[in-house]
Amino acid sequence: MLASKYNPLFNGNEALIKGVNAIENGHEDDYLNILPIYIWPEEAQVASIESDMERAEEKGVKTIKEHSMVFGRDQKNKYIDDSYLLIGKSRVYRRMWFPALEAFNYIIVEFPQEDLVHEARLWASRTYVLSGNFSGAQEQFDKLYQNTKVPKKLEKEILASYAEMKIKQKEYQKASELLEEAISKRIGKERKVRFRYIQAQLQEEIGNTYEASELYAKVVKMKPPYEFYFAAQMARVRNFDPYLQESAPVYAELRKMAKSDKNYDNRDQIYYAMADISIKEDLIPEAFEYLEKSIRTNTTNQTQLGLSHLRKGELHFDFREYIDAAGHYDSAHQSLPSEHHRYAEVEKKKESLAELVRHLNTIEVEDSLQAMATMPEKERNKLIQKRIRILEKEKAARERAEAVRGGPVAPGGGGFSMGGQRSGKWYFYDDTQRNDGVTQFSNRWGTRKLEDNWRRKNKTSVSNFVPGEGESEGEGEPTDSTQDPMNPAYYLSRIPFEEDSLDASHGRIINAHEGAGRVYRDVLEDFIEAVDIYEQLMKRYPGADFEPRTLYTLCLMTRETKQAEKNDNYCGKLQSEYGHTPFAQLLDGSLDPDNDAGHDSIAEVFYREAHAAFERNQYKKAKKMCQQGIVDYAETDLLPQLELLLALCIGSEGEMTVFLDELVAITEKYEGDPVAIEAQYIIDYLGGPSDFGSPLSPEVEAMFTYNPNEAHQYVLILPKNSTDFNRIRNTISDFNMKVFSNQRLKSRNIMMGEEKQLVIISGFKQAKSAMDYFEAIQLDPDVQTYLPKTGYDHFVISQSNFKVMYAEEAVYEYDMFFKVKFNSDNF
């Protein structure tokens with residue numbers, strides 16, 4: 001018997017211990033998530049300990065085979081049950097749940113009177129927990145917990161294992177109580193530190209912040225290894241209760257930690273923790289200071305950088321300082337990993353704030369440009385030259401930095417980039433405004449505008465000229481002085497000297513006010529700011545055509561915010577001065593949807609908002625609005641358009657079969673109507689109901705190829721005489737400088753046939769970067785203002801596909817190819 005214990009069984013246990021140590025030594029704790037009580041191998045780790053665990057099992061099997069002694073059905077070798085236990089343990093670490101249970105259950109059945117039966121039950125319970133069979137585990141714990149026959153040395157392990165199950169079941173209070181019992185069983189310091197920390201985490205999960213903070217403080221006082229100490233201090237602050245705890249000693253400890261060399265890379269976390277205390281004590285200026293220190297002292301921890309920016313953004317947002325908040329939400333979005341639990345929330349808020357900033361920047365830019373138009377020429381030129389000198393200094397600084405770093409350095413803000421709070425300085429030399437900039441946006445790919453007759457026109461013969469062929473992407477200097485920010489012509493061409501350009505500038509200001517108002521009202525739900533921006537609009541343009549609509553909006557919002565005096569004023573003015581309009585009639589309930597033509601005006605406003613949501617790729621919102629509009633405006637002329645827009649929303653969400661069914665229904669219901677003609681054209685192009693398995697026709701599939709790794713370019717196609725082409729080109733150039741100033745994009749324009757003119761933006765090495773540009777330009781209010789209402793196309797296209805599209809004038813064919821291949825699933 002001694003041979004069996006001290007040879008194969010001993011060697012088997014040594015192999016088991018070696019494998020267990022390898023797993024435990026290779027484990028790194030994540031202190032932001034509940035720590036594991038025991039370290040078990042993940043599936044991918046099993047291979048690294050396979051040989052040790054196989055050796056352990058082999059030695060157990062060998063002991064059983066060579067040294068088993070059964071007389072009268074009784075096992076006389078007392079180490080045989082140890083061998084089965086060894087076999088079961090080795091199988092647990094190889095994640096072989098059922099074979100492991102076989103070994104443990106054999107001991108339970110065959111050796112019921114042996115002390116080892118309790119350990120077998122313990123390991124069986126652990127195996128059940130690891131395999132997710134909590135009822136099986138509970139059955140074993142019921143026989144172990146508070147069982148007086150259980151050996152003392154097993155009590156703490158039973159309690160800890162029982163707590164492990166309760167954590168997995170999210171019964172955190174019970175788990176904490178079990179850990180408290182385990183701690184009382186005289187466990188070693190290392191495990192006591194771990195169990196206390198887990199207890200604190202459990203109380204934090206429950207929401208007992210004071211209890212959690214006190215438990216973390218106990219961990220700190222135990223003088224644990226430094227990683228535990230640091231994590232406990234940060235967590236202690238995170239759960240600090242200003243009403244029940246004193247902050248002075250906590251601040252003192254944190255300041256001491258910040259001065260320690262060992263915390264050089266952790267200072268950002270320490271200052272973030274100090275900001276957290278300041279926020280809880282309503283010391284907001286101090287909180288801003290600590291957060292700024294956290295950002296400045298960040299070295300390697302991108303997640304912490306993101307969290308610090310996020311907290312600053314949240315504070316600015318709470319104080320309705322939305323422009324400042326926008327910059328920090330954008331920085332948080334750039335820094336946080338996409339898998340972070342707050343990433344989606346940050347992304348959504350960032351996009352909303354960025355849209356608001358764009359509208360406010362548009363107002364400021366247009367005001368500045370209009371002011372420059374009235375300046376004396378000498379003063380205006382002096383201002384422009386100052387801006388150019390700033391750009392020259394920035395360029396020289398970048399070139400020096402590139403020489404030192406051996407690579408390109410992103411340029412600063414250029415063009416008409418606007419960002420911060422209004423400072424009163426002219427936008428194009430205010431450093432604060434230039435450096436703030438306008439952020440890029442990452443939204444879903446765009447969809448063709450909803451308009452009649454958006455099909456391909458007849459082809460005409462064209463030359464074989466392909467722009468950009470043989471040139472390196474992004475190289476070269478602008479040849480047009482109005483496209484070069486170093487040339488005064490760049491600025492002069494954008495100043496509204498003429499009446500038509502001044503009218504267009506006012507139009508952008510009006511659109512920006514209304515756009516900002518919608519964001520305040522519908523997205524941020526800040527009716528106070530929404531009322532203010534609409535009031536500014538009315539004060540600036542009294543008696544304008546949009547005044548009834550604005551008064552109606554103000555009437556509703558001041559009622560919501562209980563601003564009684566303003567509500568009486570706006571509602572009264574709407575009724576007294578515009579009582580004949582559908583907005584006044586809608587307010588007092590006199591609008592008759594069956595007889596009053598004004599109902600169509602309300603429906604048109606509603607349709608425009610639904611279509612705007614569709615154009616912003618907010619398909620769910622647009623779909624919901626269409627469904628409601630079809631009910632509310634069933635008797636108006638807008639019903640067919642609402643139904644077609646609903647169908648397009650369905651198609652954009654990927655419900656292609658339903659999409660086709662809806663189109664067929666529209667053709668039957670509105671035969672001869674332009675909406676039906678358009679729906680039929682889409683059906684024909686898709687191959688009809690019987691051939692809807694592929695969204696592209698064989699002709700298109702053969703015509704173009706999809707290679708996302710090829711160099712791509714953005715193409716905008718406009719009718720030859722539809723609008724001010726130079727103004728559009730200048731506006732796009734401004735957009736490139738404003739949003740994509742860190743990329744070397746090249747712009748050119750050419751004719752395609754006799755009827756189409758193209759704006760081509762190159763410099764994208766692959767489809768992904770081109771799609772980022774495509775998504776961002778769709779949301780730029782300045783570019784959208786100058787584009788015609790109908791009749792234009794834009795997309796991203798590879799160089800090889802451009803040759804085919806250009807030679808064949810296959811605009812519509814490629815546009816369908818683009819919609820299918822360049823969707824959100826691929827990017």
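This is a predicted model: local features need pLDDT of at least 70, side-chain atom pairs count only at pLDDT 80 or more; totals for chains, interfaces and linings use all residues.
In what sense do strand 3 and strand 5 pair, and over how many bridges?

The chain has 827 residues, and 52% of them are buried. We have 36 helices and six strands. Take the contacts between residues at least 6 apart in sequence: 66% of those join residues at least 24 apart. The accessible surface comes to about 39,900 Å². Carbon and sulfur atoms account for 48% of that area.

Now the strands. Strand 3 covers residues 712-719, and its pairing with strand 5 is antiparallel, over eight bridges. Look at Leu716: its bridge partner in strand 5 is Val759.

Strand 4, residues 746-752, also pairs with strand 5. Again the sense is antiparallel, this time over seven bridges. Here Asn749 has Val759 as its bridge partner in strand 5.

Strands 4 and 5 form a hairpin with three residues between the strands. Gly753 in that hairpin takes a positive phi near 70°.

How many residues of strand 5 are buried? Nine of the nine, across residues 756-764.

Over to helix 28, residues 639-652. Of its 14 residues, 13 are buried, so helix 28 too is largely enclosed by the rest of the structure. Its length checks out. At 1.5 Å a residue, helix 28 should span 20 Å, and its end C-alpha atoms are 20 Å apart, so the two agree.

That's my tour. Questions, please.

Key. Residues are numbered from 1 along each chain as its sequence is written. Side-chain values use heavy atoms; hydrogens and water are left out. Helices (H or I, at least four residues) and strands (E, at least two) are DSSP runs, numbered from the N terminus. Buried means under 20% relative accessible area, exposed over 50%, partly exposed in between (1.4 Å probe, protein chains only). Contact means heavy atoms within 4.5 Å. Accessible areas come from the Shrake-Rupley method with a 1.4 Å probe; for residues, only the protein chains shown count as cover. The expected span of a helix is 1.5 Å times one less than its number of residues. Two strands pair if DSSP finds at least two bridges between them.
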